[in-house]
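Reader: I'm new to this one and would like to go through it with you, one topic at a time. Could you put it up for us?

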Amino acid sequence: MCNRLLGQHFSSGGKARVFVVTPCFNAAPTLAQTIASVAQGSGACELYYHVQDGGSTDGTVDILGQHERELSQDGGIHFTWNSAPDKGMYDAITRSLDSMPAEPDDFVAWINADDLLLPGTLPLVARVTLEMPEVQWLGGPQYVIEDNTPVLERDVPTPTEMLVQGLCDGVHWRFLQQEGSFFRYSLWQAGRHALQGFRLAGDWSLWREFAKHAVLHQCRKPLGAFRRREGQLSVAGFEKYMREVDTALAPEERERAFAALSRGPELCRLLVRERFGRLRVVRDYRGVRKEFRRRLRALERRRQADMNG
C-alpha cells in the first residue's frame with residue numbers, strides 16, 4: 001500500500017526538486033532515523049521521498065504508515081511508500097527511481113534504511129541544482145558511524161578517470177561512498193542498466209557507467225553517513241562484493257589500468273567550494289597527488305605481504 005501513486009506531479013513553487021529513494025526490508029530498528037534524516041532537509045527544496053519495502057514482517061510497515069500520517073502535514077515533502085516483494089535492493093531502487101516524476105535536470109539519490117543523510121545536504125544539493133547546471137554528479141567524503149557515533153571521516157579525492165576504469169574498488173583507489181551521492185535524473189537514465197546482474201556491487205558498476213557520461217564533482221563536507229553494524233549485508237558480504245567486481249572486470253585489467261594512469265598525465269578532481277557566498281568549481285591536483293602516493297604505498301605493502309605469505 002502507499003499513500004499516493006508515484007508518477008503524480010506536484011508544483012515545485014520555484015524551488016529545486018530533489019528525489020530520494022530508500023529500499024528496505026525488515027528495517028524497523030533504523031528506518032525511522034533514516035526517514036528523519038531525509039525529511040529534515042525538506043525546507044530547502046521540493047522533496048519527493050519514496051520508501052520501497054520488500055514485504056517486511058518486523059513492524060517496518062507500521063513505521064511507514066506512521067510517517068505517512070506525520071509527513072502528510074508537511075507541505076514541503078511528498079512522501080510515498082509501497083510494500084511488495086522484489087528481486088533485491090537494486091530492483092527496488094530501479095523500479096522506484098524509474099517511477100519518480102523527475103525531470104532530466106533534477107537530482108536523485110538513494111539512501112539505505114540504516115544509513116543517513118546529514119544536515120545541510122539537501123540545501124546544498126538544491127543550490128547546486130539551481131546555480132551549477134554543469135554539475136551532473138555530486139559526492140562527498142567517506143563518513144562512517146557506529147551506534148550513532150562518528151568513527152571515520154575521510155576525504156577521498158577521486159578523479160573521474162579512476163571511476164571509468166573501475167579502480168574505486170578499495171584496492172587501487174578507495175571506494176566512492178554511495179551515501180550522499182546525488183546525480184541528475186538524465187544521468188540515472190543513461191546508466192541505470194549497470195545495476196543489472198549485481199546483488200552487492202551495483203554501486204561500483206553504476207559509478208563506472210556514470211563516469212562514461214559525466215564528471216564527478218566532490219565537496220569536502222560529508223553528505224551522508226554509512227552505518228556500520230554487525231551482520232549487515234554490505235559488511236558480512238564484502239568478499240562476495242569483491243567477487244562481483246572481479247567477475248565484471250578482472251583484477252589484472254584493473255592493475256594494468258592503474259599502472260597506466262599512474263604514468264600518464266597528472267589527474268585532478270573537481271571540487272565544489274563556496275567563496276563569498278557563491279558556489280564555484282576548482283581543480284584539485286594536490287589532493288589527488290597525495291592520494292596517489294598513499295595508494296601506491298598501500299599496493300606495495302600488499303605485494304610484499306603476498307610474496308611473504
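Reader: Which helix gives the most to the lining of the second largest cavity?

Author: That is H7, with three residues. Before going on, please note that this is a predicted model, in which local features need pLDDT of at least 70 and side-chain atom pairs count only at pLDDT 80 or more, while totals for chains, interfaces and linings use all residues. Residues are numbered from 1 along each chain as its sequence is written, and side-chain values use heavy atoms, with hydrogens and water left out. Helices (H or I, at least four residues) and strands (E, at least two) are DSSP runs, numbered from the N terminus.

Reader: What lines the second largest cavity?

Author: The lining is made up of Met162, Leu163, Gly166, Leu167, Cys168, Trp204, Trp207 and Arg208. A cavity here is a set of points on a 1 Å grid over the protein atoms alone where a 1.4 Å probe fits but cannot get out, and lining residues have an atom within 4 Å of a point. Helix H5 (160-164) and H7 each supply at least two residues of that lining, and its volume is about 30 Å³, taken as the space filled by probe spheres set on points joined across faces, edges and corners.

Reader: And H7 itself, how many of its residues are buried?

Author: Eight of the nine residues of H7 are buried, so the helix is largely enclosed by the rest of the structure. Buried means under 20% relative accessible area, exposed over 50%, and partly exposed in between, with a 1.4 Å probe and protein chains only. Among the buried residues of H7 are Trp204, Leu206, Trp207 and Phe210.

Reader: Which residues do ring pairs link into a cluster?

Author: Ring pairs join Tyr90, Trp110, Trp137, Phe183, Trp188, Trp207 and Phe210 into a cluster.

Reader: Changing topic, where is Phe276 found?

Author: Phe276 sits in the loop between strand E12 (269-275) and strand E13 (278-284), and its phi is near 55 degrees, a positive value in a residue other than glycine. At 76% relative accessibility, Phe276 counts as exposed.

Reader: What about Asn148, what is its phi?

Author: Phi of Asn148 is near 65 degrees, again positive in a residue other than glycine. Asn148 lies in the loop between strand E7 (142-146) and strand E8 (149-154), and is partly exposed, with a relative accessible area of 47%.

Note on methods: Phe/Tyr/Trp six-rings, centres within 6.5 Å; stacked < 30°, edge-to-face > 60°. 1 Å grid on protein atoms, 1.4 Å probe; cavity = no way out; pocket = protein on both sides within 12 Å on 5 of 7 lines; lining within 4 Å.
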